[in-house]
Amino acid sequence: MKEEGGKNKTAATKRADLPVSGMTCAACSARIESELSKLKGVEKASVNLAAEKASLIYNPSEISPDEFITTIKGLGYGVSLSKAVIPIKGMSCASCVEKVQKALSFVNGVISASVNFASETAAVEYSPGIAGMRDFKKAIREAGYDIVEAEQGEDIVEKEKREREEEYRRLKRKVIIGAALAIPIFLLSIWEDAGLSSIIEIPAEVNFLLQFLLQTPVQFWAGWQFYRGAISAARHRAANMNTLIAVGTSAAYVYSIIATFFPSIFEIKGYSAHVYFDTAATIIVLILLGRLFEAKAKGKTSEAIKKLIGMQAKTARVIINGAENDVPVEDVEAGDIILVRPGEKIPVDGIVTEGYSSVDESMISGESIPVEKKNGDKVIGATMNKTGSFRFEAEKVGRETMLSQIINMVQEAQGSKPPIARLADKIASIFVPAVMVIATLTFLIWFFFGPDPAFTYAFLNCIAVLIIACPCALGLATPTSIMVGTGKGAENGILIRGAEALENAHKINAIVFDKTGTLTKGLPVVTDIIASEKLMVKSEEILRLAASAERNSEHPLGESIVNKAKEENLRLSEVSDFKAVAGHGIKAVIDGMRVILGNDAFMADEKIDISGLKDISVKLSNEGKTPMYIAVDGKASGIVAVADTLKENSTDAVNFLRRLGVQTIMITGDNRRTAEAIAKQVGIDRVLAEVLPEDKAKEVKKLQEEKKVVAMVGDGINDAPALAQADVGIAIGTGTDVAMEASDITLISGDIKGVATAIALSKATIRNIKQNLFWAFAYNIILIPVAAGVLFPFFGILLNPMLAAGAMGMSSVTVVSNALRLRKFKVKQ
């Protein structure tokens with residue numbers, strides 16, 4: 001985005017250019033322009049039909065671009081945006097995050113930018129015709145940082161992993177060598193006090209000189225990264241964590257040099273010179289040690305992505321001109337025929353064309369039972385073939401496969417930020433300048449009002465304040481928990497689109513379930529076969545005649561009857577004089593008998609007496625089933641009842657949600673009697689029946705007006721508006737792509753027990769974030785005043801800068817370690 005100058009404007013404005021799809025005439029563009037202009041904070045909006053673009057000048061303090069996108073989509077149009085996850089090098093603390101985020105946000109065409117300190121990535125949503133990777137690289141580099149770039153054909157994730165490992169090895173080398181130099185410096189600093197001078201007498205001047213020689217490589221080799229970071233920040237008129245460390249250790253180092261080579265300067269003040277080379281050395285080594293622990297812990301937070309990437313097959317056996325050829329999976333193209341043998345991973349997504357097998361899809365669905373695969377069935381890349389061999393046609397390859405899309409979703413979610421993180425970000429952005437001010441005030445107060453030697457007290461307390469302050473803990477508090485939480489969700493078959501959805505999920509107090517395909521299987525099955533006792537006919541014969549009549553039917557209810565007959569291995573007869581009456585039923589002659597199958601209205605039209613079966617029919621209807629009468633040669637012979645049956649885990653999931661204190665609601669187009677019957681079976685609290693597909697979103701809105709935080713669970717295209725309207729939209733992974741696109745959370749396996757798991761995971765993650773933020777804030781709020789010396793007048797307590805450095809390192813490690821506890825998350829249902 002571009003910052004706009006303007007006369008008489010109290011705040012800086014920004015420009016946003018959004019590509020809009022779906023406009024067909026001038027009325028469309030005028031309507032969008034009108035609605036955008038009404039939004040608070042928008043100073044100017046114009047929509048160009050020919051360019052299919054909306055341009056807005058707005059005040060970012062009053063409105064965010066997300067609201068423009070929501071408004072356009074709410075009017076029935078689309079916004080074509082791209083997303084990119086960019087690995088970044090050189091960030092050392094939370095204020096770095098703020099700088100990079102700001103730099104990316106001001107690139108023209110960027111809609112939103114979110115930088116994650118824990119994963120060292122930036123997630124950017126942008127308009128592809130206006131902004132691109134070249135612009136992002138330029139903005140990041142101008143801010144003083146760099147990006148991880150892969151060579152042609154190289155995997156960016158592998159490159160990033162390799163660079164992280166190299167950084168870890170580099171830090172480890174610096175810590176070992178720095179410690180090897182710091183230990184003798186420390187011994188030299190206590191040489192007299194420890195009585196070591198009785199062994200070897202070292203004059204003070206020689207002692208100081210030896211410390212200087214040992215400390216200089218620690219200061220400028222081991223500690224060079226702090227100088228580099230501070231200089232980069234200074235170029236952009238900013239300060240960060242590196243600034244605090246560089247200023248604090250340099251002050252101790254320069255003071256000690258003066259005391260070593262020009263001791264008379266301090267002797268004039270009335271006290272002998274003392275050096276603090278040991279302080280500077282210990283601070284640098286301890287902070288590097290803290291960063292070493294932090295790097296190791298941060299690597300563990302991205303294990304979910306590594307696991308997902310590790311699932312991918314490396315090669316595929318492609319059939320070319322009848323011959324088998326092993327090719328890299330990257331070279332597979334849509335339309336290729338691929339052979340898979342037992343025990344091999346399926347390389348890409350596709351459709352079985354030949355053969356039969358069972359496939360372990362647990363990595364996608366979480367279900368341990370293998371799924372049977374035959375001609376025409378879909379197979380998913382990275383799942384494991386178990387028993388037979390088969391051939392399939394590649395349908396989705398490269399970034400289009402389900403696994404690649406899952407990896408992208410998890411990366412985007414890990415790079416996003418929940419609203420709870422914004423407070424920490426704001427504080428982190430002003431934290432370093434505030435610490436510099438506190439350190440300066442500490443020095444001045446101790447220098448003018450402190451006891452003798454005033455300069456030494458002022459100097460040491462000033463350094464302690466600079467070193468104890470830890471924006472790192474603040475910067476890590478939220479993203480580490482989000483990374484582990486979203487990764488844990490992916491392991492449990494729950495894809496969380498963003499951190500905001502993860503935060504909102506813990507507030508849910510009402511869940512709306514679409515009935516068909518969500519609570520139920522979405523496929524009608526025969527539930528009851530009732531034979532007339534008067535006619536002494538068997539239920540098998542009723543089913544055989546009904547299935548024979550329906551054998552050529554394409555109606556779902558008819559198909560369910562035929563499928564039931566096949567399960568029972570019944571022999572079906574040929575049909576003649578077949579006639580279908582829309583909305584009523586069918587007539588046919590089977591084995592010389594005139595058979596009529598249909599509803600009560602059809603029976604009345606055909607003058608069939610159904611009084612003997614009427615009570616049973618009403619009972620079946622009250623249970624949510626659809627009864628169909630069958631008459632043979634003019635006499636009512638029985639009933640075949642069909643229903644959309646509940647999924648196996650529906651009742652357990654609803655009961656668990658009720659125990660969590662969440663109100664459960666079912667929404668359906670069915671009549672109230674059928675809907676109430678199904679709701680009773682599953683234990684639903686409230687029923688919204690006879691709701692048209694286009695009215696589902698309105699019903700969700702009504703619930704929100706009742707002050708409820710609403711989640712919508714659905715699987716179909718007609719659920720998409722309601723999923724978008726809900727506070728949290730949850731799509732069933734076995735449903736349509738449109739539903740999944742409109743949702744915040746996707747349950748890959750289609751098991752709605754995942755809804756309860758998602759809420760429990762959200763509660764655990766938000767609890768973890770709050771713990772992290774508490775410790776990060778408490779650490780800084782308590783220890784900065786202690787470092788400044790507020791306890792000295794009362795208890796004579798001062799904080800040694802070396803102890804401050806150790807405490808600062810531990811604060812970051814504590815926060816990351818607490819976040820890693822989420823890896824043990826388990827749902828107790």
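This is a predicted model: local features need pLDDT of at least 70, side-chain atom pairs count only at pLDDT 80 or more; totals for chains, interfaces and linings use all residues.
## A bridge between two strands

Asn48 stands opposite Lys53, a residue of strand β4. Strand β3, residues 42-48, runs antiparallel to β4, and the two are joined over six bridges. Strand β2, which covers residues 13-21, also pairs with β4 in the antiparallel sense, again over six bridges, and within this pairing Lys14 has Tyr58 of β4 as its bridge partner.

Within α1, the residues Cys28, Ser29, Ile32 and Leu36 are buried. These four cover an arc of only 95° around the axis, which means that they lie on the same side of α1. As a general rule, an α-helix has 3.6 residues a turn, so residues three or four places apart point the same way.

The other side of the helix carries Ala26, Ala27 and Lys38, which are exposed. What do the buried residues of α1 pack against? They pack against strands β2, β3 and β4, and also against helix α2, residues 65-74.

## An open sheet of three strands

Elsewhere in the chain, three strands form an open sheet in the order β15-β14-β17, with antiparallel pairing. Strands β15 (371-373) and β17 (384-385) stand at the edges, and because each has a single partner strand, one side of each is left without a neighbour in the sheet. Strand β14, residues 357-360, is joined to β17 by two bridges, the two running antiparallel, and in this pairing Val359 has Asn385 of β17 as its bridge partner.

The largest nonpolar core has 50 residues, and the members that touch the most others are Ile511, Phe513, Leu519, Ile745 and Val755. Which element gives the largest share of this core? Helix α28 does, with 10 residues. If neighbours up to four places away in sequence are not counted, Val755 touches Ile511, Phe513, Leu657, Val713, Ile730 and Leu747. Another core, of 28 residues, lies apart from this one and includes Ala252, Ala259, Ala281 and Phe459.

Helix α28 itself has 36 residues, 753-788, which at 1.5 Å a residue should span 52 Å; its end C-alpha atoms are 53 Å apart, and this agrees with the expectation. Just after α28 comes Gly789, which takes a positive phi of about 100°.

## Two residues in loops

Ser532 has its place in the loop between β21 (520-531) and α19 (539-550). Is Ser532 buried or exposed? Its relative accessibility is 10%, and because the limit for a buried residue is under 20%, Ser532 counts as buried. Apart from residues up to four places away in sequence, Ser532 touches Val537, Ala636, Ser637 and Gly638.

Pro451 is found in another setting, the loop between α14 (420-449) and α15 (454-468). With a relative accessible area of 34%, Pro451 is partly exposed. Leaving aside neighbours within four places in sequence, Pro451 is in contact with Trp446, Tyr457 and Phe792.

The chain has 30 helices and 31 strands, and of its 829 residues 51% count as buried. Among the contacts in the chain with a separation of 6 or more, 67% are between residues 24 or more positions apart.

The pLDDT averages 80 over the chain, and 85% of the residues score at least 70. Where is confidence lowest, and where is it highest? Confidence is lowest in strand β1, residues 2-4, with a mean of 39, and highest in strand β12, residues 337-340, at 93. Over residues 1-11 the pLDDT is below 50, although this stretch has 27 contacts in the model beyond near neighbours in sequence.

Definitions and conventions. Residues are numbered from 1 along each chain as its sequence is written. Side-chain values use heavy atoms; hydrogens and water are left out. Two strands pair if DSSP finds at least two bridges between them. The expected span of a helix is 1.5 Å times one less than its number of residues. Buried means under 20% relative accessible area, exposed over 50%, partly exposed in between (1.4 Å probe, protein chains only). The arc is that of the directions from the helix axis to the C-beta atoms. Contact means heavy atoms within 4.5 Å. A nonpolar core is a set of buried Ala, Val, Leu, Ile, Met, Phe, Trp, Tyr and Cys residues joined through side-chain atoms within 4.5 Å. pLDDT is the predictor's confidence in each residue, from 0 to 100.
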